[in-house]
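Student: Could you go through this structure with me? I'd like to know where the terms come from.

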Amino acid sequence: MMDREPRPSPEAPHGGGNPVGLAHAAPAVAATAPEPATAAAVDAPLPDTAPAAGGRFPLQPLLHLDTLWIQVAGTLCNLRCTHCFVSCGPGDDHHAMMSREEVRAHVADGVRLGVKEFYFTGGEPFLHPQMLEILADTLEHGPCTVLTNGTLFTRERLEALRRLSDSARYALEIRVSLDGHRAEDHDRLRGPGSFARTVSGLARLAEYELLPIVSATESPLEDPAALFESYATMLRAAGLPRPRIKLLPMFRLGREAERTRGYTAAETLLDLPADAFDPARLQCRACRAVTSHGVFVCPLLVDEASARMGDRLEQALGPFELRHGACATCYATGMTCGNG
Amino acid sequence: MADVTRVALFGGIYSNYLALTAALRHMRRRGADVAWCLGDLGGFGPHPDRAADILRGSLVPMLRGNYDESVGLGRGDCGCGYSDPRDNRFAQLSYDYTLANTHAVHREWMKGLPEQQRLEIAGRSLLLCHGSPRQTNEFLWESACSDAFLEWLCERHQADVIACAHSGIPWHRALPSGRHVVNVGAIGRPANDGCTEVWYGELEVGADVRVEFRRVEYDVETLARDMAREALPPEFIETIRTGWWTTCLENLPAKERRRGRH
């Protein structure tokens, strides 16, 4: 799956920021949140309506649903990366795998809302036994990107993906996560030998002209342009003559929060003045994410009870209170988890 | 044919004054009733004032693209929003050259251009824009836009036809509702199709809407010599000589990228 980096750190600021009374508040999330998911690990009362601790967070409207994220493989992954922001791994099912029918239903909801494109994540999407069928279903309706760790590309699967890519009206993008342009950096986070396996997967994707996008985590110590060039050089040498690279910031979520630290109370958008807030900076102006537990504001916060907005997309169209440290990272960097 | 209006729409002149001259001649010969440029006069090619003089002299109106907005306002970059450092390097070279060589009178004119234009023809509403109706520098690629999204755009902006440019590769989608979205491509740079000719869009609007793309030849070698004399990057010259894009490729979806050489 994508480099899921962070998830809600235990210390992540919470509580506070009741939207009622906010100058730019539209109906609060509470007004649109349905019943909590059944038997979910995110069963906490939704949304978190704890009284404000003396401050308030900006409210982010959904301007339009451009992007629907589908955590199709749940949290099942063949790797156990030490920085995974949704804490995925072998045997992990704290978000369950989604059935082909579940995916179809969410895709149909998205189509009714005018969705532009779909992204599939996990876990590792290619562990889903019906991933190719799900992709074929969804490519009927719009462009699809699969976020993968790149270690499961058999010839048969690559041939099937190329056939899908050629026959579909819409783009099929394969996005592969790397956490270093050197094996030692990547393997430190993802396990010994994983760099070689992923780079080999990338080379095979290139051989089938599937033109994979490599997504990599930025290092605060490295200049982004230099980092970009280092990746491009490595990828060309590995047999990818047309490298496509996307850099993402690190989020202090999930296993990353345990590995280093979570967000502190100071690292949020608390008390950002309403007139200084630019709602166009955040990807949640245009996305929602679905997992087996329902609809969340974005693919990063799927382990945050307060980020769950409903069972179905129609219930998740209201504004979102930007109370999480990850929201501040998105806001500061202007990043999007999407390809663009 | 009296009840059919022929609308010629073109994007991205990119200072290619020779292609502009050829395209305007082509539109006249085809008997276009209306013509509009959907923005981006400068960038990429040589001597931006030549294209500005020709377009303004032709009285064909133009929308303000992201490039025109940046040049008009004297901003620091073209506003395409690339992240690949190589793309940014070439985009900046091209932008700095264009800004330095665009006369203040033309820059002032660019500032005052409309971002969008609505045409009401035969009971249909055509919305002309640069990138998309919601964002001047949004890239609308054929393979990256679902029908559902394009229907929403038309509905949201109350348009029977949306015509845009910005991305440089022409395409047309007749939507299930009967509405249309047309990206008219660019006349300043080939469409990454291995041909040196450039394309514009011709819409016939009457009882139906018919969309054709028209191919225009121009004097590529003269433009290449001009570009070399102005010390514009050899990569740009290669593009106009071969028809394959060599830079600013990062936003292309896999499907469109695979059709190209780079």
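What follows is a short talk about the terms and how they apply here.

Tutor: First, this is a predicted model, where local features need pLDDT of at least 70, side-chain atom pairs count only at pLDDT 80 or more, and totals for chains, interfaces and linings use all residues. Residues are numbered from 1 along each chain as its sequence is written, while chains are lettered from A and ligands numbered from 1 in the order in which they are written.

Student: What makes helix H3 of chain B mostly covered?

Tutor: A residue is buried if 20 or more other C-beta atoms, placed from the backbone, lie within 10 Å of its own. In H3(B), residues 66-73, seven of the eight residues are buried, among them B:Tyr67 and B:Val71. The helix itself is a DSSP run of H or I with at least four residues, numbered from the N terminus.

Student: What covers the buried residues of H3(B)?

Tutor: The cover includes helix H4 (85-100) and helix H5 (104-111) of chain B. Just after H3(B), B:Gly74 takes a positive phi of about 65°.

Student: Why are S5 and S7 of chain B called a pair?

Tutor: Strands are DSSP runs of E with at least two residues, and two strands pair if DSSP finds at least two bridges between them. S5 (residues 161-164) and S7 (residues 180-183) of chain B have four bridges, in the parallel sense, so they pass that test. One of the bridges links B:Cys164 with B:Asn183.

Student: Which strands are at the edges of that sheet?

Tutor: The sheet is open, with five strands in the order S3-S4-S5-S7-S6 (chain B) and mixed pairing. Strands S3 (117-121) and S6 (171-174) of chain B are the edges, because each pairs on one side only.

Student: How do you know that chains A and B touch?

Tutor: Contact means C-beta atoms, placed from the backbone, within 7 Å. By that rule, 23 residues of chain A are in contact with 18 residues of chain B. The largest share of chain A's side, three residues, comes from H7(A).

Student: What does B:Leu9 touch?

Tutor: Leaving out residues up to four places away in sequence, its contacts include B:Trp36, B:Leu38 and B:Ala163.

Student: How confident is the predictor about chain A?

Tutor: pLDDT is its confidence in each residue, from 0 to 100. Chain A averages 85, and 84% of the residues score at least 70. Over residues 1-52 of chain A, though, the pLDDT is below 50. Where pLDDT is low, the predicted coordinates should not be read in detail.

Technical notes:
Contact = placed C-beta atoms within 7 Å. Buried ≥ 20, exposed ≤ 12 C-beta atoms within 10 Å, placed from the backbone.
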